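I opened a predicted model today.

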Amino acid sequence: MTFDELGLGPNVLKAIHEAGYETPTPIQEQAIPHVILGGDVTGIAQTGTGKTAAFVLPMIHRLAQGRARARMPRCLILAPTRELAAQVAESFETYGKHLKLSMALLIGGVSFKEQDKLLMQGVDVLIATPGRLMDQFDRGKLLLTGVETLIIDEADRMLDMGFIPDIERICKLLPPKRQTLLFSATMPPEITRLAETFQKDPKRIEVSRPTQTAETITQHVTKIETGGDKARRVALRAILRTCDIKNGIVFCNRKREVDVVVKSLAKHGFDAAAIHGDLPQAYRTQTLEKFREGELTLLVASDVAARGLDIPDVSHVFNYAPPPKDEDYIHRIGRTGRAGRTGESYTIVGPDDEKAWAGVRRMIKTDVRDFMPEGLEDELKGLGEDAGSSRKGRGSRRSGPDDSKRSRGQPRDKARSGAPEKESGSERRSRGGRRRDSKRNNGSELEPAADGVTGFGEHVPDFLKR
Ligand code: AMP
């Protein structure tokens, strides 16, 4: 099938052609004709399937008819994080460039004032994170009664972040006669209920199974017997040195870990930069841009920071440790081996990760190769059990092979054996109540730290410079 057969107008087709896309992806093929006709869609699809274009293209086509009115957006798109919202906005710019459509973006890090002005002028599309949208609505700057189409992107992330009450409230403010498109990588019961409540006879489109890893990915595991952060870092460097990396992502379970790993990699001469929710928005945007442009080899990231981001296919994925949630393993390694290309993944499994790793193995049911870089075992033996723990030096323990043997039988460092630290305690939001945006800055991926980040600064992406 070609894009020409989907019912899109010439201006949209021209933009698709200029973007270099030749054939629609399965979700685009199934969703576009249905959305053009005004139908609801429940799309079960992950990033990388082309899901953004699956809703943006037909939306642009529909919006081409009609005009925007002051304070009354015609299409509302909700995304869980600023980065995702910004990516959707970028797609709108790309595919809508031959049409005169206007857009506002309500996300942390973009000034209210600018967006207020745009809203007052009237926008066709409003892209927002739920908290920012509610703030704007509560300030009386916005009317939602003109919304013809609601799009909820990454609904399962919204659930994880405690946004469902916000979404329910927003849905109730919209005209009942509207089109609703909902996209989610998984369909937990809460999302199914949301879809049942707010959609009308939706077409269900499922394009990938989250428990399958691509056959094009060669998976490796490096099991280390020595505990401690230093051992893990030594192992990571040893693995990195054996790989011919074009570009890769190193996944960590904690933000603190991301910081330590990126520092250590830089110290040892690797080209690496971090991305997680505590870093200023301008820095994150810049880092991602560099990575996309091929100016940065290694991106060190937390799951939350990386989830949903439109990062090009990478050659390698490294797991500093197995993820706390089994299915995140699929999301992580799914960053490589896309679209039939080959990719490699490496997972470091330490003495305390056996249970997490067993969970991953049960889920993926595919082959994982044991991999031990040359010399690593000896190097690790030289470290001792808790070498590299942050309190190294206290008691000036001498580490050596005997030391490591002795300590192996002893209780492990508690900090490593407990549940992984959450993103500053707020990565998972309370599912009960909605919080104001002003409270949403304690390390979540949503909003910037209250101080220091006022916007994109000098690094305003092109699509925001309207
Ligand atoms: P998404 O799943 O929306 O995050 O999209 C993943 C990536 O696929 C983005 O970089 C898109 O630019 C790209 N993409 C979307 N549709 C197509 C297509 N039909 N052909 C090739 N690439 C596409």
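**Helix pair H2 and H3**

I began with the contact between two helices. From H2, I listed Ile27, Gln28, Ala31, Ile32, Val35 and Ile36; they meet Lys51, Ala53, Ala54, Leu57, Pro58, Met59, His61 and Arg62 in H3. I sorted the residues of this contact by type: ten are nonpolar, two polar and two charged.

Next I checked the geometry. H2 covers residues 26–36 and H3 covers residues 51–63. Their axes come within 9 Å and cross at roughly 25°. An angle under 35 degrees counts as roughly parallel, so H2 runs roughly parallel to H3. I noted the hand as well: the H2 and H3 crossing is right-handed.

**Nonpolar cores**

I then turned to the cores. The largest nonpolar core has 43 residues. Which of them touch the most other members? They are Leu8, Leu57, Ile77, Phe92 and Ile127. I looked up which elements give two or more residues to this core: helices H1 (10–19), H2, H3 and H4 (82–95), and strands E2 (75–78), E3 (103–106), E4 (125–128) and E6 (179–184). H3 supplies the largest share, eight residues.

Setting aside neighbours within four places in sequence, I found Ile77 in contact with Phe55, Val88, Phe92, Val125, Leu126, Ile127, Ala128 and Ile151.

Last entry: another core lies apart from the largest one. This other core has 31 residues, among them Leu119, Cys171, Leu174 and Leu194.

Notes:
Residues are numbered from 1 along each chain as its sequence is written. This is a predicted model: local features need pLDDT of at least 70, side-chain atom pairs count only at pLDDT 80 or more; totals for chains, interfaces and linings use all residues. Side-chain values use heavy atoms; hydrogens and water are left out. Axes are lines fitted to C-alpha atoms, for helices over the stretch in contact, and angles run from 0 to 180 degrees between N-to-C directions. Helices (H or I, at least four residues) and strands (E, at least two) are DSSP runs, numbered from the N terminus. Angles under 35 degrees count as roughly parallel, over 145 as roughly antiparallel, 65 to 115 as roughly perpendicular and the rest as oblique. A crossing is left-handed if the near helix is turned anticlockwise from the far one by less than a right angle, and right-handed if clockwise. Contact means heavy atoms within 4.5 Å. Ala, Val, Leu, Ile, Met, Phe, Trp, Tyr, Cys and Pro count as nonpolar, Asp, Glu, Lys and Arg as charged, and the others, Gly among them, as polar. A nonpolar core is a set of buried Ala, Val, Leu, Ile, Met, Phe, Trp, Tyr and Cys residues joined through side-chain atoms within 4.5 Å. Buried means under 20% relative accessible area, exposed over 50%, partly exposed in between (1.4 Å probe, protein chains only).
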